Amino acid sequence: MILKNVGIIGYGVTTKPLVQFLRDRGIFNYIYDDRMQEPSSLNLAFLDLAGFIDNLQNLDCVITSPGIPPSHPIIKNVQSSQIPLFSEYDFFEKIACRAFENIPGFLKPLEIWISGTNGKTTTTQMLEFLLAKHGGVCGGNIGTPLATLYNQLEMAKKEALWILETSSFMLHYTHLALPKIYILLPVFEDHITWHGSFDAYVHDKLSILSRLDSGHIAIIPSALSDHPLCLETKARVYYYSCAQDLNKSFDLKLEISAFKEPFLLDAALALSALKLLFEEDGVEELNNFRIAAHRLEEFFDSKGRLWVDDSKGTNVDASIAAILRYQDKPKIHLILGGDDKGANLQPLFKNAATLKDRIRIYGIGSNADHLEMLAEEFDLQYSQCLELEVAVNRIKSVLQNDEVALLSPAAASLDQFSSYKERGDKFRALALS
């Protein structure tokens, strides 16, 4: 396919270098981003929704940012126009990578994709840590943007090794590109509003299996083993229900691991991929890895009281895991709330109810009224706070030294904050002030 004009939906962290990648090759971009409310000073062709749709006939293909839901009018219009609609993964697989194949000495990258509801960032970073000595670099949702990685291929004289954190959104729009190894962490309710249902969310997570053959490897939760896509795949599949299953399958020596759950499973998955690729044991090396901020990050205030920033715990399963980690404490002061994206929160409250009087919930964010209703239903102690500052101040007034203050919202942050990072940073600042 010879490209002259390409449409870009969304102008964000990954698509900005993609736009530059295309411009460097003389390809013109029409860009739609609903955050662009005024003319751009970037010398780029930003169009509103109507303008983008009017120009579809001038486009050779359209590349969408993964966060744009399939229900969005712009996606529906592109699909009805029959203009090819690509994810970034598929665009580079079909267009860029095939063009690079004509470069003497070019080697197609070996890719590992990591997906799941919780832990994919940590697993990706752990695997990059282990594979750095082999030239491994992470990309996708985190790390180096895909366009930058492909730019580097033109200079490469050896096989590149990419570890790509891959969202369900990206998988939904990807129908061509394939990894050598696909790692799927456990799947729980998340992004229900975007996908339309939990079944659709699971289907997108497993959709890649229909395209894998015997030369590919997948590591999949055993809870999904009866799914039609698992039953029909031609890939070599390893199933697991816990870290110890992987320990047995790959002889990982987890007994000397420095990590405990929920990070032990992340470590086991990273170590499994290392074993599959290079037959190396890496558990002692991985013990030097440090978990990133905002994921069960512990700190103490001036009175020696324990606070835990789990702002990255944006869904029910992440918050349940956080509660289980501190279930032996005399009391958990748990801050919940934000944009729950239509998820069913009852399993979280059912789990919290097992602790009865040893947990109090502090509700913040746009779903605080719903949290209050659930707390009443499950007979849990509850404080309606609405704002994070109110919640932290109430906890500070009662927190004892043997208790824990835990921010694990089971919800996204964008109703009140720019990101989970901002929410976590503010939580720490308020706790320490």
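The protein chain carries 41 positive and 55 negative side chains, where Lys and Arg count as positive, Asp and Glu count as negative, and His and the chain ends are not counted. The centres of the two sets lie 3 Å apart, with the place of each charge taken as NZ of Lys, CZ of Arg, CG of Asp or CD of Glu. The model is predicted, so local features need pLDDT of at least 70 and side-chain atom pairs count only at pLDDT 80 or more, while totals for chains, interfaces and linings use all residues. Residues are numbered from 1 along each chain as its sequence is written, and side-chain values use heavy atoms, with hydrogens and water left out.

The protein chain contains 18 helices and 17 strands; these are DSSP runs numbered from the N terminus, with helices (H or I) of at least four residues and strands (E) of at least two. Along the principal axes, the C-alpha atoms fill a box of roughly 65 × 55 × 40 Å.

Of the 433 residues, 55% are buried (buried means under 20% relative accessible area, exposed over 50%, and partly exposed in between, with a 1.4 Å probe and protein chains only). The protein chain exposes about 18,800 Å², and carbon and sulfur atoms supply 50% of that area; accessible areas come from the Shrake-Rupley method with a 1.4 Å probe, and for residues only the protein chains shown count as cover. Among contacts (heavy atoms within 4.5 Å) between residues at least 6 apart in sequence, 67% join residues at least 24 apart.

Two residues described here lie in loops that involve strands E2 to E4. Leu44 is in the loop between strand E2 (28–32) and strand E3 (45–47), and it counts as buried because its relative accessibility is 16%. Leaving aside neighbours within four places in sequence, Leu44 is in contact with Tyr11, Val19, Arg23 and Ile31. The C-alpha atoms of Leu44 and Ser197 are separated by 37 Å, and these residues are 153 apart along the chain. Asn58 lies in the loop between helix H2 (49–54) and strand E4 (61–64). With a relative accessible area of 33%, Asn58 is partly exposed. Not counting residues up to four places away in sequence, Asn58 touches Asn5 and Tyr30. Its C-alpha atom is separated by 9.7 Å from that of Ile83, 25 residues apart along the chain.

The loop between helix H11 (243–250) and helix H12 (263–278) holds Pro262 and also Asp251. The peptide bond from Glu261 to Pro262 is cis, with omega near 5°. Asp251 has a phi near 50°, a positive value in a residue other than glycine. Most residues other than glycine have a negative phi, and most peptide bonds are trans. Asp251 counts as partly exposed, at 45% relative accessibility. Lys356, in the loop between helix H15 (346–353) and strand E15 (359–364), also has a positive phi near 50°. The relative accessible area of Lys356 is 45%, so this residue is partly exposed.

Asp301 is placed in the loop between strand E12 (297–300) and strand E13 (306–309). This residue is buried, with a relative accessible area of 8%. The side chain of Asp301 reaches the backbone nitrogen of Lys303 at 3.0 Å. Beyond neighbours within four places in sequence, Asp301 is in contact with Trp307, Ala431 and Leu432.

His333 is found in strand E14 (residues 332–336) and counts as buried at 3% relative accessibility. Apart from neighbours within four places in sequence, the contacts of His333 include Arg360, Tyr362, Ile395, Glu403 and Leu406. Gly365 lies in the loop between E15 and helix H16 (368–377). At 12% relative accessibility, Gly365 is likewise buried. Not counting residues up to four places away in sequence, Gly365 touches Gly338, Leu386, Asp415 and Gln416. The C-alpha atoms of Gly365 and Ile335, 30 residues apart along the chain, are separated by 10 Å.

Conventions: A polar contact is a pair of N or O atoms within 3.5 Å; within protein, one must be able to donate a hydrogen and the other to accept it, and residues adjacent in sequence count only if both atoms are side-chain atoms.
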